[in-house]
Amino acid sequence: MSVPALELSGLKKSFGKAEIIRGIDLDIGKAERHAIIGPNGAGKSTLFNLITARFAPTAGTVKLHGENLAGLEPFQINRKGLSRSFQITNIFPKMSVFENVRCALLWAQGYKYSFWNLVSRQRALTEGADAILEEINLSARRDIPAGMLSYAEQRALEIGITIAGGANVIMLDEPTAGMSNTETDYIMDLIMRVTEGKTLIMVEHDMGVVFGLADRISVLVYGEIIATDTPERVRADPKVQEAYLGAALEAEH
Amino acid sequence: MNEQLKTDPTKPAQRMRAGGMTLSLAPWIIAAVAMMALPMIFTNNSALTIMNQMSITIIFALAYNMLLGQGGMLSFGHAVYAGVGGFFCMHLMNMSDFFATIPLPILPLFGGLFGMGLALIVGSFSTRSAGTVFAMISLGVGELIAASSVIVVAFFGGEEGISGDRTYAQPFFGVEFLQQIEVYYLTAAWVIISAALMYLWSRTPVGRMANAVRDNPERAEFLGYSARWVRYYSFVASGFFAGVSGGLFAINYEILTEENLNAASSGIILLVTFLGGVGFFFGPIIGAVVFTLVQTVLSLQTELWAFYAGCLFVATVMFFPGGLAGLIMMHVPAVKLGKWKLLIMPYIKTLIPAAIGILGLCALVEMTFHYRHGATGDNEMTLFWTTFDSHTLMPWLIAAAVTVIGIGIARMTAPSLKEAWDEANTMGGAS
Amino acid sequence: MKNITKIGAVSALSLIIGASAAFAETIKVAFIDPLSGPFASTGTNGLHQFEFAADYMVNQNGGLLGGTQMEVVGFDNKISPKESLIQLQVAIDQGIRYIVQGNSSGVANALTEAVDKHNRRNPDSRVLFLNYAAVDPALTNDKCNFWHFRFDAHADMKMDAVTDSITSDSSIDKVYVIGQDYSFGKAVSAAANKFLGEKSDTIEIVGDELHPIGKVKDFTPYSRKIVASGANAVITGNWGADMLGLGKSIVENGYSGPIYTYYAAGSGITAAFGETGKGAIRLVGEGQVNPPPSDEAAAYYTAFKEKYPDGNVDQTRISNTIGMLAKAIEEAGTADDVVAVANALAGMEYDTIWGGKVMMRESDHQAIQDLHIFEHTNEGIDFPYDNSEYGVRVIKTIPMASADIETTCEMKAPS
Amino acid sequence: MDLILVNLIDGLVTGLLLFMLSAGLTLIFSMMGVLNFAHASFYMLGAYFAYSISLALGFWMGLLIAPLIVGVAGAMVERYGLRRVHQYGHVPELIFTFGLALLIEELVQFIWGKNQMPYDVPDILNFTAFAISGNSIPAYKIFMIFISVGIFIGLLYVLTKTRVGMIIQAALSYPRTVEALGHNVPLIFMGVFGVGTALAGVAGVIAGPVLGTFPGMAFVLGSIVFVTIVIGGLGSLWGALVASLLIGWITTFAKSYNIEMESILNGIGIATPENMDDNMFRDFWSLTSPQIADILPYILMVLILIFRPAGLFGKRTQ
């Protein structure tokens, strides 16, 4: 078997005495679409933050394409091909939509910290950014400040920024949170398109999205994964039913 | 971010700002021509000296804005980079053998390199985080270097500072820089070059990422950029241009002293930059011009210049956080819509009475000051080309009346100005 | 806000354009000193003394050169060398040929160099620099030039007088030297060590230290050390808030001997010292005010107080400066040729209303005059300072002090 | 030994004075996230108001009334100035207080002139309380200690035992939650700002007679107050107390003992270079501790920020 795209082993995280993540082992294969679900407070966002080095793990390792990420800064992890979005919209509000995307392309196109290139003169950069705007359907909003976009548009932009760098592992933290049904459909469609052939890991509440998108689903409850399997089998798993789905479904209806 | 969501998307001013910043040469050519032509209008040496001072402040303020406006770093000790650059230039000037081999116009380059050198050192620990930590480290380092300027006499020359003579440099195409006008053109050339370079910097990948890091350092990190390195690069570049302004200071004044390093100078550059407007590249330029005029010209007219400057500054922060540049750019939408003409009459109706009212208020302030602190028997004072006795009732009544009427009229006409403003900024209708 | 910009622009224009037109119907003297900021009180009081002296001594006596009036124009340098150089340029452009300045040796150094360079580069608009209070010895030694004249005794000369006073007092055997950590403070310390070492074998310097200038909030720890050292005389070059803070703290923490100093009178300091400083504060300086040396001096002081009730005549050398400049202009027969005026000033002997003579030494343009040791007190004071009951009274006089003090100056007359 | 005791007392006075300023500043910072650059200006206003009042009504009325006026002035500044600027973000707020500091200094000069004011210790306290081997401790210093400690205890009581204090304490940690609980946060802000500035006013009233009442007094003290709360840890009242005392003692002891750089360097094994006159670092070699006593807090602050950005007791870095 080939090296998994992302491999978590024995991952733990405590804040003071509270143990939020209690030992997670999980392999996510290349080009797999993987969803992580679980009740509120299960530690989904913490898990995301552990993987992307926003927090340092108390124990355990994270491997990206077989490479241990311990001790790396977020920007270093990003350069290795892992990109993420945030639960709370996280864009550059004062810069234009176009510039938001262009910034996301800079490192990937190898400009690094250069101060001898003028960004406006780089055709590949401009075309690349415009192509992504096209893809996320924001071409019409190209030159207005990102902070003025509607909420759904900002979420779309966030996804655009996340995928722009060409990372092959994409992590999306609740991409459809707080959206209406039509908006959710639009974003789902968008995710499907832009993550074609890439590894996708996402945290999501909306079961429709999860079951529509994911190849496999992990269920996280109180810092532990109680099941990892295809959507159908997870749905049928009595443990999951008991621990999560039943309660969640009840609450939703 | 929520703050941003609240901004009104119909306000085209904001759209403009983010809009495509095309590399247009026109403003640069106009600026260059204007700088060439200015000495023909203002011919005497003091005007040249004041314009040189403006130029130096412009470079320094633009360099400062690389931090504050573009990088989101608030520094309370930036004068030390300009100062140290200047001090090194002064030492170079005094190394007569070496100095005789270099033409004077390249001296600021050395200032820049030394300013950059210091920034390389300090930045290595101060740019780890922005915000309060950066501000406080800058304050501490600034105080330390300023304090050592009177202790380390060997380098800083103590309270007298160190001085030299610019004319010992190698003549530059026969020019020895004996006259102010020659120095003026040297300084002007550096202003254009530095401003252009700083503008271009803001268009490079690292310059763009400086904005990104200012807005959202965390997001920038997840795009592959280390926020710290981006800040460091901005800081070092800013140190370079600050050093250039220090070098120009050395050439202009031929002396550097403790005041080039101290907290007051660092404070003033913050004031200048914010007054001009941090949100726009050209903001600091306006700030530098206005502040230099206030400091050198208004201070000849009134002892209370600093009081007025303080009021102007506080008013700017409170009412126009975009600074003077923001005030100007507010009008761009109206101009784009071709409706700016709608504003002329309301402006005349409101701003002229307001101006008169404010002048009346200034007169009252001046008279109070004269009444309290003027010499006995020296009752006469001259204000706005009128000489009168400040100890009689009449001038007070007149000034008070002018103030009340001026501001009264302005208040009365303000609503119609508001209407005209809204109208001029709405799309559609007659244009 | 825009309006203020407008005022700025308009006044700039009117100033810059109008400036060159304003040529001298009067003989103008540019006073370049702080008129705003923390040192403004000293500067403003100095300006008043200059304006009064020009009016009282020159204009009321029929002016100069057959009726030309003298006018003192204030320029605010905010005690910044940079601003001083800008204002110097503005003054020169207004056709002013005489510059007076006194506060801060740093500014004086910047100005004397700038004047020298300007005069070399622009022989058509040469100016003279009349320094009335900056006491850095270098100004009439290594850094001397033909255009600079000093009307005050410099720091070493004053220290010569102070140490004369200390050595003649047999009750003093332990001296503590303390000063601000910058060139002047260090010069005071060096001079005190030098003169005391030369003049006496019995006096011991029990402490010699510097403190940061303008940064000390509480002088108590320094005072403790002074008291603990058993010193019975203190010498300090402090001025302004540092002088007041140090002086009050020393006395309040139990020290009872004299404090010899340079700048501890007028500008609010006399009033603020009040009873605390009585008998303790001793100043060195020129120009006797209490008791008044002549009726003329008393009349001058009274007239000044009538005009400026809140002011003090605490720098009598200002009237000497104006008096000697006027005399030199009359002798030279012109106010436009500053070289002739400078030549008339150099070597001039002048009878001052404050008693004795002032001699402007030709070799270094340093004034030689009587120096006095004053005491801060409220007894026998005819002319108190700061509208308090306290003032300074002469307790010792050194006639023509340091008349033979050496100079390293190599005076070069312009070619 | 006796001198150490005397220095401890002197350092305590300095430290407690600093604490009265830094306590107010840190309260304001914790609540509003604003470093109030004008804080020392309110201290200056306290001294000037007290001086003017003392001319008419005597020192004690000054002590009573001046802080109230300063507090009201502070509250007005919050209400009509800072609250307006608040919407633009933290940096403009900081810059606003910076401008305010300049303006207050100009205003003070406009009203009271530029000279030092003859504001003196009241006669009733103008005596030597006791002496330790020839070093007299003025009664006024003891009075200053009592006032500062009294205020500290009062503050502690209000913060820990009263309802208002509970709300403020909660607001220190969870400002948003407190707002969500329906408390009038703007009013709390105004109150805290007023109380903070009033504390600075008290410090001014009692420090004016000993440290001098002059237009530069705010500038002399201004940045050192920030240094104090940064060292102590932004938002920590205990940190402010510890840092204030630390700075008070460090500066006092550095001034009292002539520790020379040369002996330190020799002590760690660096020999004095022979030709001192030509040496680039000659001024560095001849440094003594009193020379740099008042700069030491800045060095301390920079070091702390580098190695422990949250300060001694701080939790938040921003």
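What follows is a conversation about the terms and the values behind them.

Mentor: This is a predicted model, in which local features need pLDDT of at least 70 and side-chain atom pairs count only at pLDDT 80 or more, while totals for chains, interfaces and linings use all residues. Residues are numbered from 1 along each chain as its sequence is written, and chains are lettered from A and ligands numbered from 1 in the order in which they are written.

Trainee: How do you know which residues of chain C and chain B are in contact?

Mentor: Two residues are in contact if their C-beta atoms, placed from the backbone, lie within 7 Å. By that rule 42 residues of chain C are in contact with 47 residues of chain B. Helix 1 (2–21), helix 3 (81–93), helix 4 and helix 10 of chain C each give at least two residues to the side that touches chain B, and the largest share, 12 residues, comes from helix 1 of chain C. Among the 4 pairs of chains that touch, chains B and C have the most contacts.

Trainee: And what makes a stretch a helix or a strand in this account?

Mentor: Both are DSSP runs numbered from the N terminus, a helix being H or I over at least four residues and a strand being E over at least two. Counted in this way, chain D has 14 helices and 2 strands.

Trainee: What classes make up the side of chain D that touches chain B?

Mentor: There, 38 residues of chain D are in contact with 33 residues of chain B, and the largest share of that side of chain D, 12 residues, comes from helix 4 of chain D. By class, it has 27 nonpolar, 7 polar and 4 charged residues, where Ala, Val, Leu, Ile, Met, Phe, Trp, Tyr, Cys and Pro count as nonpolar, Asp, Glu, Lys and Arg as charged, and the others, Gly among them, as polar. On the side of chain C that touches chain B, the classes are 19 nonpolar, 13 polar and 10 charged residues.

Trainee: Which distances separate the chains that do not touch?

Mentor: The nearest C-alpha atoms of chain A and chain C are 27 Å apart, and the closest ones of chain A and chain D lie 13 Å apart, with no contact joining those two chains.

Trainee: How do you know whether the radius of gyration of chain D agrees with that of a compact globule?

Mentor: The radius is taken over C-alpha atoms, and the globule rule is 2.2 Å times the number of residues to the power 0.38. For 318 residues the rule gives a value near 20 Å, and chain D has 21 Å, which agrees. Its C-alpha trace spans about 70 × 50 × 40 Å along the principal axes.

Trainee: Why is Ser104(C) called buried?

Mentor: A residue is buried if 20 or more other C-beta atoms lie within 10 Å of its own, exposed if 12 or fewer, and partly exposed in between, with C-beta atoms placed from the backbone. Ser104(C) has 27 C-beta neighbours inside 10 Å, so it counts as buried. Ser104(C) is found in the loop between strand 3 (98–101) and helix 4 (105–121) of chain C, and its phi is near 85°, a positive value in a residue other than glycine. Most residues other than glycine have a negative phi. Asp386(C) is also buried, with 24 other C-beta atoms within 10 Å, and has a positive phi of about 55°.

Trainee: What makes the buried residues of helix 12 of chain C line one face?

Mentor: In this helix (residues 338–345), Val338(C), Val341(C), Ala342(C), Ala344(C) and Leu345(C) are buried. Seen down the axis, they fall within an arc of 160°, so they line one face of the helix; the arc is that of the directions from the helix axis to the C-beta atoms. They pack against strand 4 (128–131), strand 5 (148–150), helix 11 and strand 12 of chain C.

Trainee: How do you know that strand 12 and strand 13 of chain C pair?

Mentor: Two strands pair if DSSP finds at least two bridges between them. Here 3 bridges join strand 12 (residues 357–360) to strand 13 of chain C, so the two strands meet the rule, and they run antiparallel. Met359(C) stands opposite Ile368(C) in strand 13 of chain C.
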